[in-house]
Amino acid sequence: MKTLIYLLLPLLVFTACRKRLDSFLFGNDNSITEYLLDNYTGRTTLDVGAAYHVEDSMTHVFQFDISNGAGAQPFMISAIYTGEISRIATDTVILYCHGTADHNDFYWPRQKLYSHLGGTHRYGVLMIDYPGFGLSDGSPTEENMYQSVNGALKWLKANGLTNNRLVMFGFSLGTASVCQVAGNPNDFEMQPSKIILEAPFASAEKMIQDASVLGFPASYFVSLKVDNAIEIKKATVPLLWIHGKADTFLAIDKHGEYVFANYGGPSKTAVRVPGGDHEDTPFVMGYDAYLAALLGFILQ
Amino acid sequence: MKQLFYLITSIFVLGACAPSHFVKPLEHKQHALTASLGGAMLKVPGVATIPIPNTTLGYGYGVKQDLTIYGNLYPTAAVFGVFQFDAGCTWRFWQNENMGASVSPGFNFLFDRFEKNAGLWPQLDANFYMNYFERTGSTKKGTDHQNVNYFYVGFSNWFQLKSTMTLGLKQENRLVFSPQVGHTFERGHWNYNLEVKFLTPYLSNQNIIIDYVSPFGKRGGLGAFFSVTYRL
């Protein structure tokens, strides 16, 4: 009995630990001191080439603040808007929610690509770094991520955007924010008129159970939910879903198909891309064809 | 993306990976303390191919000559706020001069302090062992003891009681089967054990967010463990 007590005591002490694995889901890099955009030499999501160049005059790097709960100190979120800010009040804007890698510089080629959707700067594109990513303050958590997206919606609203001209586009981890807003529009500053999901998670728990075989609850590892397959059931706006059929990170049959099948809204379109992996679907599909699919959906 | 691998690495810190606790039963009324280290082999990008450093601490007691009861705690899981515990018994149902066979029914219990989710997974292991070396040695104090080497082969089964997984999906793998091979050096009061477990060699290891190392290519995984036992 004494031996058992000796064994149990340190275990109870250990069990009191609150270490969670959520932070490991975020591949954030906040070591940069400025956005280098075209001069960035680190790895990037795509190489879109000179054909999708964006002029400096149409690139606006700025910050806005969000408060993280009542009484908490606000912290700054860094953002990049491409297009004319003055046209936010009259034109359609895409809020792009990027994936889990690094920061805005990593996804800058995608923002440039979308800035040429339907013609150069036909649509304004806003991309933010979530808390703990790039130049944004705070720590990377699911709640902070949603708060930062809400801050972006607030900024767009303050610049004159209305719900009927807002398109939300999420990639990978960014699909969590889009599904959260689409499923719970009353909790956010704005409601999108259309949503685009590229390579979405089904849920954090699905990811864990696929990898472990055993049906462990997600709470054994993370507080993170990312319940896209649940939240999407409540969406009431049209959906475009794009997923590479060769996605080795979030397999299309284990994640994307569930999100698409669970969608409960009025209209949904699927683009399953043969040969497309997690990051390279636009390239594999061909940038022109990829943009045409996006444009066709937005103009529907 | 690399950090995602660390997340999943940790899944196996908490997961099913542990070596066989007792292959041979203890002597009647004998006590033993055990500790083990190891887990599934993974390719961690930018680091190496490593076995996951799962740990267990356990206790065993020889109820009868052929029956040992045991329990194990998982300190590494505890660091992440999950209480993990297993318990069971090892019954030697057959033996002759140099070999024997045992079964070990038991259960695994996990409980997290965050959302209070509890889970129970019954387990049934079976092993066949064969002694190939036996010699009487002596300690520095001059007392005699037995030195024995034996190897064993067997399998481990975890049973999933729930019929559904997340999102209401059907649980396709109610039985999680993993064969194993191992070798034990018995030196006086101490046992030193190495075990290799072939984790679910019939299931695909593709299109999930980790890179398993498996001798079966696109199926299963490989676990490597080292354990020590001190018999009082």
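**Exercise 1. A salt bridge at Lys225(A)**

Task: State which residue forms a salt bridge with Lys225(A), and how far apart the closest N and O atoms are.

Solution. Step one: the partner of Lys225(A) is Glu115(B), and the closest N and O atoms are 2.6 Å apart. These values come from a predicted model.

Step two: Lys225(A) belongs to the loop between α6 (204-212) and α7 of chain A, while Glu115(B) belongs to the loop between β6 and β7 of chain B, so the pair joins two chains.

Step three: the exposure of each partner is checked. Buried means under 20% relative accessible area and exposed means over 50%, with partly exposed in between. Lys225(A) is at 34% and therefore counts as partly exposed; Glu115(B), at 36%, is partly exposed as well.

**Exercise 2. Salt bridges within a chain**

Step two: Lys112(A) has 10% relative accessibility and so counts as buried, whereas Asp38(A) has 38% and counts as partly exposed.

Step four: Glu186(B) is buried at 12%, and Lys24(B) is buried at 14%.

Step five: the count over all chains comes to 13 salt bridges. Arg87(A), Asp91(A) and Arg122(A) are linked in a network of salt bridges.

**Exercise 3. The open sheet of chain A**

Task: Give the strand order of the open sheet of eight strands in chain A, and explain why one side of β2 and of β10 is left without a neighbour in the sheet.

Solution. Step one: the order is β2-β3-β6-β4-β7-β8-β9-β10, and the pairing is mixed.

Step two: β2 (59-67) and β10 (268-273) stand at the edges with a single partner strand each, so one side of each has no neighbour in the sheet.

Step three: neighbouring strands are turned by 20° against each other on average, with direction ignored.

Step four: helix α10 (residues 287-299) packs on the sheet, touching β4 (93-97), β7 (166-171), β8 (194-198), β9 (239-244) and β10 of chain A; its direction makes about 155° with that of β8(A).

**Exercise 4. Buried parts of chain A**

Task: Determine how many residues of helix α5 (residues 174-183) of chain A are buried, and whether His103(A) is buried or exposed.

Solution. Step one: ten of the ten residues of α5(A) are buried. Among the elements that cover them are β4, α4 (142-158), β7, β8 and α7 (228-231) of chain A.

Step two: His103(A) sits in the loop between β5 (101-102) and α3 (104-115). With 0% relative accessibility, His103(A) counts as buried.

Step three: leaving aside residues up to four places away in sequence, the contacts of His103(A) include Asp29(A), Tyr40(A), His98(A) and Asp129(A).

**Exercise 5. Strands and surface of chain B**

Task: Identify which strand of chain B gives the most to the nonpolar patch, and describe how β6(B) is joined to β7(B).

Solution. Step one: chain B has two helices and eleven strands, and buried residues make up 51% of its 232 residues.

Step two: 13 bridges join β6 (residues 99-112) to β7 (residues 118-138), which run antiparallel. The two form a hairpin with five residues between them, and Lys116(B) in the turn has a positive phi of about 60°.

Step three: β7(B) is also joined to β8(B) by 15 bridges, again antiparallel, with Asn127(B) opposite Gly154(B).

Step four: a nonpolar surface patch of about 830 Å² includes Phe151(B), Trp190(B) and Phe226(B). β8 (144-159), β9 (175-187) and β10 (190-204) each supply at least two of its residues, and β10(B) gives the most, with four.

Step five: Phe151(B) lies in β8(B) and is partly exposed, with a relative accessible area of 32%.

Note on methods
Residues are numbered from 1 along each chain as its sequence is written. Chains are lettered from A and ligands numbered from 1 in the order in which they are written. This is a predicted model: local features need pLDDT of at least 70, side-chain atom pairs count only at pLDDT 80 or more; totals for chains, interfaces and linings use all residues. Side-chain values use heavy atoms; hydrogens and water are left out. Two strands pair if DSSP finds at least two bridges between them. Axes are lines fitted to C-alpha atoms, for helices over the stretch in contact, and angles run from 0 to 180 degrees between N-to-C directions. Contact means heavy atoms within 4.5 Å. Patches are made of residues with over 30% relative accessible area and no salt bridge: like charges are joined within 9 Å, nonpolar side chains (Val, Leu, Ile, Met, Phe, Trp, Tyr) within 5 Å. Accessible areas come from the Shrake-Rupley method with a 1.4 Å probe; for residues, only the protein chains shown count as cover. A salt bridge is a side-chain nitrogen of Lys or Arg within 4 Å of a carboxyl oxygen of Asp or Glu. Buried means under 20% relative accessible area, exposed over 50%, partly exposed in between (1.4 Å probe, protein chains only).
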